[in-house]
Amino acid sequence: MARPRQFDEASALAAAIRCFWSRGYEATSVRDLADAMGITGPSLYNAFGDKRALYLRAIDHYVENGFCDRVRRFENQLAPLAAIAAFFDEIVALSLADTEHKGCLVVNAALETAPHDAEFQAALAAVLGDMESFFLRCVQAGQAAGSVNPTQPAADLARTLLGLLMGLRVLARARPEPALLRGMVRPVLALLDAGTTAAPGSPS
């Protein structure tokens, strides 16, 4: 009969996420992870698999409790343009509150591991695809409702928003300045807003 686990798996996973987040994948050893999680190396392997499997699970957990949570809250409760604005307001607030300058775990993984590892690249491409899809749904709904600029293809606007998100998270690690980050968001929201992109003389 298998012995019951003697630790809280959710707490251990949260500790692993913090460890990967602060050190990065390559610089984090299995010993670092086991120490941070308060478990032995064999217990880590039994519960989570090897370091690679644990890293992928950490990213999945991070995305589910970050990006996916924001999508559920904003897309279902706010008008499309307001949902996009609220999404970026929260990203800027999180970036400014990140006193350790850890950045975004997904962006960090995309920069560190994806270029050199096909499995990580595929996993992160799927996450970025979900982010782009959220922006695309909001833009398409806003264009249909008349609140989002219809003169630009929805797919292009969604990609612009994805690029803004990635750029914000990278820049915030080096220059976490409110004016800088908010100044990046404002012109993109203005580009989206059908009320501010109307041609001169046209009704607003």
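**Figure 1. One cavity turns up in a search of the whole structure at 30 Å³ or more.** This is a predicted model, in which local features need pLDDT of at least 70, side-chain atom pairs count only at pLDDT 80 or more, and totals for chains, interfaces and linings use all residues. Residues are numbered from 1 along each chain as its sequence is written, and side-chain values use heavy atoms, with hydrogens and water left out. The largest cavity has a volume of about 40 Å³. Its lining consists of Ser95, Asp98, His101, Gly103, Arg169, Ala172 and Arg173. By type, the lining of the largest cavity holds one nonpolar, three polar and three charged residues. Helix α9 gives the most to this lining, with three residues. On a 1 Å grid over the protein atoms alone, a cavity is a set of points where a 1.4 Å probe fits but cannot get out; lining residues have an atom within 4 Å of a point. Points are joined across faces, edges and corners, and a volume is the space filled by probe spheres set on them.

**Figure 2. The largest pocket holds about 470 Å³ of space.** A pocket is an open set of grid points with protein on both sides within 12 Å along at least five of seven lines. Lining the largest pocket are 24 residues, and Trp21, Tyr62, Leu94, Gly103 and Arg169 lie nearest its centre. Two or more lining residues come from each of α1 (9–23), α4 (51–65), α5, α6 (80–97) and α9 (154–174). The lining of the largest pocket divides into 15 nonpolar, four polar and five charged residues. Here Ala, Val, Leu, Ile, Met, Phe, Trp, Tyr, Cys and Pro count as nonpolar, Asp, Glu, Lys and Arg as charged, and the others, Gly among them, as polar.

**Figure 3. The largest nonpolar core has 63 residues.** Met37, Leu54, Phe87, Phe88, Val106 and Phe135 have the most contacts inside it. Helix α9 supplies the largest share of this core, 10 residues. Such a core is a set of buried Ala, Val, Leu, Ile, Met, Phe, Trp, Tyr and Cys residues joined through side-chain atoms within 4.5 Å. Phenylalanine 135 is in contact (heavy atoms within 4.5 Å) with Phe87, Phe88, Ala158, Leu161, Leu162 and Leu165, leaving aside its neighbours within four places in sequence. In soluble globular proteins, nonpolar side chains tend to be buried together.

**Figure 4. Arginine 73 sits in helix α5 (residues 67–75).** Arginine 73 counts as partly exposed because its relative accessibility is 28%. Buried means under 20% relative accessible area, exposed over 50%, and partly exposed in between (1.4 Å probe, protein chains only). The side chain of arginine 73 makes a polar contact with the side chain of aspartate 69, at 2.9 Å. A polar contact is a pair of N or O atoms within 3.5 Å; within protein, one must be able to donate a hydrogen and the other to accept it, and residues adjacent in sequence count only if both atoms are side-chain atoms. Between the C-alpha atoms of arginine 73 and alanine 86 the separation is 9.8 Å; the two residues are 13 apart along the chain.

**Figure 5. Aspartate 89 belongs to helix α6.** With 55% relative accessibility, aspartate 89 counts as exposed. Its C-alpha atom is 8.2 Å from that of arginine 182, 93 residues away along the chain. The protein as a whole has 10 helices and zero strands. Helices (H or I, at least four residues) and strands (E, at least two) are DSSP runs, numbered from the N terminus.
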